[in-house]
Amino acid sequence: MKTFFKRFVFLGVFLSMAMSFVACQSQVKEPSAYWSNDYEETREKAAKENKNILIFFSGEDWDTYSTGLKDSIFYTKDFVDSLSKEYELVHLDFSESLYNQAEVAEDATEEEKAKAEELRAKLIEDTTVANNFLVNSTPTVLLVSPAGYVYGAIPYDESVTTVAQYVEQINGYKEAGAKVASLTKELETKTGVDKIAVIDGLFETVLPSHQSLLRDLAAEVPSLDPDNVSGRRGEYEVINAYNKSYEAIMGMDVLGAVDILLEPIDSGYLTTAQKQQLYYQVAYFYSLLGETYAEKTMDILKTGYDLDPASEVAAEIMMTVNQLQAIMDAEKTNTGDEN
């Protein structure tokens, strides 16, 4: 049974059609000379050589597209010749066969058990990387700076059938990659509000879907600007609250997440809209706890709404209030009928 480690669950619906990549490209003779399967080792190498990183997450024996993408594009000589000067290449595979190999019978030899244990450790390591980069389907291709900031993602597109087309997509992120590199270097010398300006630049440049990877930088902002000279402290208070509450939710501590979100509301740095957003999120977390917290959910929603009934957030809050009230009324009616 696979209870000895947390399997990475890939979410996503895949089409059943086969990939149509042109398979006439010549393959590299030794892929391991160009493609690493160790992210941390590659990250260190990329930092030393001032390169960015392309990470290919695959499920070769169970998703429809990974193998075709690997054979017809990534593992071809043309591709590695085009990319290897600017990128370190990482391939992390999550094939079902690998998980099967990580399981051995009780009567297996010591050598077989050792190999299985080594593979289990590798799968756990790769799963950690995938979770960190918020990967939820395969194939996923990310462009990452040595600092771990994601500035580009290449979605699967069945119309892209040649190396030249794929490289063109990657090159479309050159400017973003260069800007992330420049800003990351500036972090080493800037302090105070000047450093906040650099952090702002990184938030604007990395993919919005992966801004959570900047959480350590965001956490620095309150101490960088205790008097809110930049006027940015409120926004980062909200960002930090969301990041911390997410960690609490992942630890199944819903009430802890609620407390984290409520903490910055009275800090004096938040706008009314930001407070309403936090109250709205608190209400959502309360709703996860079921009908026992229905009244609390309603109270929090109304508190947020009353801050500014004319705001856009208030309109969403009122819609939720009406929906929740309808549910609560229906439950009271059902309870009355049963009695």
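Asn50 counts as exposed, at 72% relative accessibility (buried means under 20% relative accessible area, exposed over 50%, partly exposed in between, with a 1.4 Å probe and protein chains only). The model is predicted: local features need pLDDT of at least 70, side-chain atom pairs count only at pLDDT 80 or more, and totals for chains, interfaces and linings use all residues. Residues are numbered from 1 along each chain as its sequence is written, and side-chain values use heavy atoms, with hydrogens and water left out.

Confidence is given as pLDDT, the predictor's confidence in each residue, from 0 to 100. The chain has a mean pLDDT of 89, and 91% of its residues reach 70 or more. Residues 1-24 have a pLDDT below 50, and in the model this stretch has 61 contacts beyond near neighbours in sequence (contact means heavy atoms within 4.5 Å).

Asn50 is found in the loop between helix 1 (39-49) and strand 2. Helices (H or I, at least four residues) and strands (E, at least two) are DSSP runs, numbered from the N terminus. Asn50 has a positive phi of about 55°, although it is not a glycine. Asn228 also has a positive phi, of about 60°, and is not a glycine. Asn228 sits in the loop between helix 9 (215-224) and helix 10 (233-250). At 22% relative accessibility, Asn228 counts as partly exposed. A cis peptide bond joins Thr138 and Pro139, with omega about -5°. Pro139 lies in the loop between helix 5 (110-132) and strand 4.

Five strands form an open sheet in the order 1-3-2-4-5, with mixed pairing (two strands pair if DSSP finds at least two bridges between them). Strand 1 (35-36) and strand 5 (150-153) are the edge strands, each pairing on one side only. Strand 2 (residues 52-58) is largely enclosed by the rest of the structure, because seven of its seven residues are buried. Asn52, Leu54, Phe56 and Ser58 point one way from strand 2, while Ile53, Ile55 and Phe57 point the other way. Strand 2 runs parallel to strand 3 (residues 87-93), joined by seven bridges. Here Ile53 stands opposite Glu88. With strand 4, strand 2 pairs in the antiparallel sense over five bridges. Ile55 stands opposite Leu142 in strand 4. Strand 4 (residues 140-144) and strand 5 run antiparallel, joined by three bridges. Leu143 has Gly152 of strand 5 as its bridge partner.

The whole structure holds 13 aromatic pairs. Rings of Phe, Tyr and Trp (its six-membered ring) pair if their centres lie within 6.5 Å; planes under 30 degrees apart count as stacked, over 60 as edge-to-face and the rest as tilted. The Phe74 and Phe79 rings have centres 5.0 Å apart and planes at 55°, so this pair is tilted. Both Phe74 and Phe79 are buried. The Phe203 and Tyr236 rings have centres 5.5 Å apart and planes at 75°, so this pair is edge-to-face. That pair links distant parts of the chain: Phe203 is in helix 8 (residues 192-205) and Tyr236 is in helix 10, 33 residues apart. Phe203 counts as buried at 11% relative accessibility. Tyr236 is buried too, with a relative accessible area of 1%.

One aromatic cluster is formed by Trp35, Phe56, Phe74, Tyr75, Phe79 and Tyr166. Lys70 lies over the face of Tyr75, at 5.4 Å from the ring centre (a charge sits over a ring if NZ of Lys or CZ of Arg is within 6 Å of the ring centre and within 35 degrees of the ring normal).
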